[in-house]
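Please look through the model below before reading on. My notes follow as numbered points.

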Amino acid sequence: MKYTLSVLVENHPGVLSRVAGLFSRRGFNIDSLAVGVTEDPTISRMTIVVNGDDYIVEQVTKQLNKLIDVIKIKKLNPKEAVERELALIKVNANSQTRSDIIQITEIFRANIVDVSKETLTIEISGDEDKIEALIELLKQYGIREVVRTGLIAIERGNKVISKSKSEEDE
Amino acid sequence: MAKMTVARAMVEVLKSEGVEIIFGIPGAAIYPFYDALYSSDIKHVLVRTEQAAVHEASGYARTTGKVGVCVATSGPGATNLITGIATAYMDSVPIVAITGQVNSSLIGKDVFQEVDITGATAPFTKHNYLVKDPKKIVRILKEAFYIASTGRRGPVLIDVPIDVQMQEIEFEIPKEIDIPGYKPKEKGHPLQIKRAVEAIENSKRPVVCSGGGVIASGASEELRILVEKQKIPVISTLMGIGCIPTDHPYYLGMIGSHGQKEANLALRQADLLIVIGARLADRALGDTKITDNMKIIHIDIDPAEIGKNVDTNIPIVGDAKQVLSEINKRISERKDFWAYEIKAQKKVLPDDDKLHPYDVLKEISRAYNGDYIITTDVGQHQIWAAHNLYIKKPGTFITSGGLGTMGYGIPAAIGAKFGRPDKEVISITGDGSFQMLLQELATIKREQVPIKIVLFNNTRLGMVYELQKKRCTGRFIATCLDGNPDFMILAKAYGIESMRLESKEKLKEAIEIMKIHDGPFLLEVVTSPDEPTIP
Ligand SMILES: Cc1ncc(C[n+]2csc(CCOP(=O)(O)OP(=O)(O)O)c2C)c(N)n1
């Protein structure tokens, strides 16, 4: 099972390495980790995708909570969250294949952001499945390079994760 | 607001936190701090290696309940602290470790005596700081003391570059500390407490397994009330020894692979296990399998401990003292004590004319009537001590239970004696462990710390030797300590009185001599290499 955790942390140097270090030390698998500053510049938000069972997710949450710099953790329900990942894909393209690739790109509502004689670079955002599907289709042309950001997620509707700790999140 | 250097400010915060004593070794990267210490009345104990400084701070913390403080310079000074810090982390001992660091502008350049100590200690400190902004030092130090001493306690490290130590700041101690990500939860959830009370009352064969958390939270009295009301047998982990007097009619002993038979038997037969302030790590459980027909209540201040090693039916996050007193308010009385039978099977120790370690420990218990603080090292002697010493009060049996650090005992005893000068402090050690930090004899001499050292000399790394005997069909490698010094001459070199005990007839006399001796004393007990851990 995959779980998405949204983690508010203090925006200090060293926090990322503490979080990442915790994963390797405790033997947890992270699928992806994306970090960025929030609306409050003193706080960053990490979106962590963890692969494991209930025990693992519970342990990850509890161990993360022990880090002094971690302010809050919330497990997101995929049905109630918007999840996105950004990917840049550089694919081989020649005069015969170019228009096919452009068509595929349009179907996926992706963008072509760079063109050269032999390649096209495509930007796509979406959930993991969508990106996987596009990569799968582009493989036949020869993918040169893929860069992915890892998942970020936010809850739907007016719910927010705020800095103050409340009982229900523990 | 007064203007002063960061180094001065550091000393001022230490004073305001009630720090009376610091253990450490100076160096170029920490000299401004030492210079500021010069004109304060905080006592500084010069140790002979930095690892001892942490262990001494640890012994001090564990006997006083205060935060222990140690200091080292950058680079090798800082790395020498590492084993001690990890030891304190595993045993949840509140420590603030201060290290000097190279000039801020040189950090990351591999300059002379530079090491990334915050990176190195991140996995086994509760938290750590590299101070880059001089203005933050006061807040950081305050936070460090707060974090070290609250919730599940543990070591906090602060790394201060030398140029930062020399900067001038406006000194003001913040009134309050607010760390958004750190809000330890002390009160147990009322509903869970209710469920726990029901489970205890409905159980037929309940057992309490108590760990170091009971001692750390000062919950011994509450524990005693609970177990006496409900007539529950108590078993403990190595860290939990002393949670209840070892001669209490309900105390069955230590569990685990090196535990007592009665305790393990009770654990196997229980239908309800009440774990309090313990991790139930592999060594504590031994080969006992937790089965589905055993219910588990787990009380711990650290939520991450609950459900980590064993599945829990009723988790209670909170301070043991608070949770137990809430349970006690609601719990009824029970009539029968189910474990008497187990207790009656208690093994009788062999009695022959040889001098056995347990004879020595029983005699020490008798002579002092449990009126002492014991520290131990790691090995067979540690287990002998855990099984045979009379431990009357919580916090008087001090051992490296989590990391199992050889070399812990002597410095921990020094720290303990500084913390409780009114108490007799006895360190039980082995010839292997003793030699890991024996340079602290110099600290004992210099500071005239009147601790008593009982050294079991079996010319072996006994615990490992025993393992090789059992598991490797006697293929002994690297466990014979040929080349041991004459420990009495060694003690003499440090100006410490000593005695060698070789026969049972002299036992009483030797303990008496040690007891009445005014000042530090080493009692070397010559022990057979084939003496088993559990007879
Ligand atoms: C620093 C350290 N190194 C190695 C070990 C592994 N170890 C555990 S017990 C032991 C032997 C201890 O020998 P000694 O102190 O003489 O005690 P004895 O078992 O003989 O009583 C060793 C080497 C350890 N626990 N700590």
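This is a predicted model: local features need pLDDT of at least 70, side-chain atom pairs count only at pLDDT 80 or more; totals for chains, interfaces and linings use all residues.

UniProt positions are given here in the numbering used for this model, and annotations may be inferred rather than shown by experiment.

1. According to an unreviewed UniProt entry, the annotation "domain: ACT" covers residues 4-78 of chain A. Over residues 4-78, chain A is 32% helix and 43% strand. The end C-alpha atoms of that stretch are 8 Å apart.

2. Overall form of chain B. The chain has 535 residues, for which a compact globule would have a radius of gyration near 24 Å. Chain B has 24 Å, so the value agrees with a compact globule. Its C-alpha trace spans about 70 × 60 × 45 Å along the principal axes.

3. Secondary structure and contacts. Chain B holds 23 helices and 20 strands. Of its contacts with a separation of 6 or more, 75% join residues 24 or more positions apart.

4. Burial and surface. In chain B, 60% of the 535 residues are buried. The accessible surface comes to about 21,300 Å². Carbon and sulfur atoms account for 51% of that surface.

5. Charge. Chain B carries 64 positive and 65 negative side chains. The centres of the two sets lie 4 Å apart.

6. Helix α18. Which part of chain B is largely enclosed by the rest of the structure? Helix α18 of chain B, residues 409-419, is, because ten of its eleven residues are buried. Buried here means under 20% relative accessible area. Among the buried residues of α18(B) are B:Ile410, B:Pro411 and B:Ile414. B:Lys417 is also on the buried list.

Terms used:
Residues are numbered from 1 along each chain as its sequence is written. Chains are lettered from A and ligands numbered from 1 in the order in which they are written. Side-chain values use heavy atoms; hydrogens and water are left out. Helices (H or I, at least four residues) and strands (E, at least two) are DSSP runs, numbered from the N terminus. The radius of gyration is taken over C-alpha atoms; the globule rule is 2.2 Å times the number of residues to the power 0.38. Buried means under 20% relative accessible area, exposed over 50%, partly exposed in between (1.4 Å probe, protein chains only). Contact means heavy atoms within 4.5 Å. Accessible areas come from the Shrake-Rupley method with a 1.4 Å probe; for residues, only the protein chains shown count as cover. Lys and Arg count as positive and Asp and Glu as negative; His and the chain ends are not counted. The place of a charge is taken as NZ of Lys, CZ of Arg, CG of Asp or CD of Glu.
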